[in-house]
Amino acid sequence: MPEKTFKFTVAQSGYSLDMLVRQIGPDLLISVTGGTNPHIGVVTTLAPGLKTQTVRFLSPHEGFHKEDLITERIAAKISPSLTRNCVITAGVHVNYITKKQIAAAGPMSDKLGEQLLLWLKSHPENTSKPIYKHPE
């Protein structure tokens with residue numbers, strides 16, 4: 001089955017967040033990037049029946065990356081409807097970021113989560129199950 005990729009973008013306060021959703025079999029790999037220096041700062045995993053977990057990578061200048069604000073807000077939006085495994089990465093850096101731009105990250109993340117939730121409802125899991133045992 002070919003992989004499917006979908007992209008969503010939101011903008012506010014002079015920068016944008018891009019969310020790339022890659023469907024791999026039944027599972028989802030989601031990356032959120034934006035600003036002047038996109039990267040991978042955090043990874044959040046979620047799946048039905050499991051606790052959401054986040055790993056924050058070290059930032060070269062400020063301790064740990066803080067994009068868990070983005071990934072965990074998106075995860076909270078989709079978690080109640082999620083029927084598959086999901087990994088969300090995020091890395092957003094805006095040079096000379098202002099307090100207004102920092103404050104915009106939350107509402108922009110919520111909008112991405114809402115767009116993703118609508119997409120999930122219109123793209124239900126539709127893959128064949130793997131077969132592990134050869135018929136004898």
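Predicted model: local features only at pLDDT ≥ 70, side-chain atom pairs only at ≥ 80, totals over all residues.

Colleague: Fine. Which residues is M19 in contact with, leaving aside its neighbours within four places in sequence?

Modeller: With those neighbours left out, M19 is in contact with F6, K7, F8, I30, S31, V32, I74, L112 and L116.

Colleague: And which members of the largest nonpolar core touch the most other members?

Modeller: M19 is one of them, along with I30, V32 and L116. That core has 29 residues.

Colleague: Which elements each supply at least two residues of this core?

Modeller: On the strand side, strand 1 (4-12), strand 2 (15-24), strand 3 (27-35), strand 4 (42-46) and strand 8 (86-93) each do. Helix 1 (68-78) and helix 2 (99-122) each supply at least two as well.

Colleague: Which of these gives the most to the core?

Modeller: Helix 2 does, with eight residues. As background, nonpolar side chains tend to be buried together in soluble globular proteins.

Colleague: Let's switch to helix 1. Which of its residues are buried?

Modeller: D68, I70, T71, I74, A75 and I78 are buried in helix 1. They sit on the same side of helix 1, because they cover an arc of only 160° around the axis.

Colleague: What covers the buried residues of helix 1?

Modeller: The cover includes strand 2, strand 3, strand 4, strand 5 (53-56), strand 8 and helix 2.

Colleague: What does the side chain of T71 pair with in a polar contact?

Modeller: With the side chain of T44, at 2.6 Å. Leaving aside neighbours within four places in sequence, T71 is also in contact with V42, I88, T89 and A90.

Colleague: On to charges. How many salt bridges does a search of the whole structure find?

Modeller: Three. One of them joins D68 and R56, with the closest N and O atoms 3.5 Å apart. That pair links distant parts of the chain, since D68 is in helix 1 and R56 in strand 5, 12 residues apart.

Colleague: Is D68 buried or exposed?

Modeller: D68 counts as buried, at 18% relative accessibility. R56, at 36%, counts as partly exposed.

Colleague: Which residue does D110 meet in a salt bridge?

Modeller: R73, and the N to O distance is 2.7 Å. D110 is in helix 2 and R73 in helix 1, 37 residues apart, so this pair also links distant parts of the chain.

Colleague: How do D110 and R73 come out, buried or partly exposed?

Modeller: D110 is buried, with a relative accessible area of 19%. R73 counts as partly exposed at 31% relative accessibility.

Colleague: And which residue forms a salt bridge with K77?

Modeller: E114 does, with the closest N and O atoms 3.2 Å apart. E114 lies in helix 2 and K77 in helix 1, so the pair ties together parts that are 37 residues apart in sequence.

Colleague: What relative accessible area does E114 have?

Modeller: E114 has 40%, which means it is partly exposed. K77 counts as partly exposed too, at 28% relative accessibility.

Methods:
Residues numbered from 1 in each chain as written. Heavy atoms only, no water. Core = buried A, V, L, I, M, F, W, Y, C linked by side-chain atoms within 4.5 Å. Buried < 20%, exposed > 50% of the residue type's maximum accessible area, 1.4 Å probe, protein only. Helix = DSSP H or I, 4+ residues; strand = E, 2+ residues; numbered from the N terminus. Contact = heavy atoms within 4.5 Å. Arc of directions from axis to C-beta. Polar contact = N/O pair within 3.5 Å; in protein donor to acceptor, adjacent residues only side chain to side chain. Salt bridge = Lys/Arg side-chain N within 4 Å of Asp/Glu carboxyl O.
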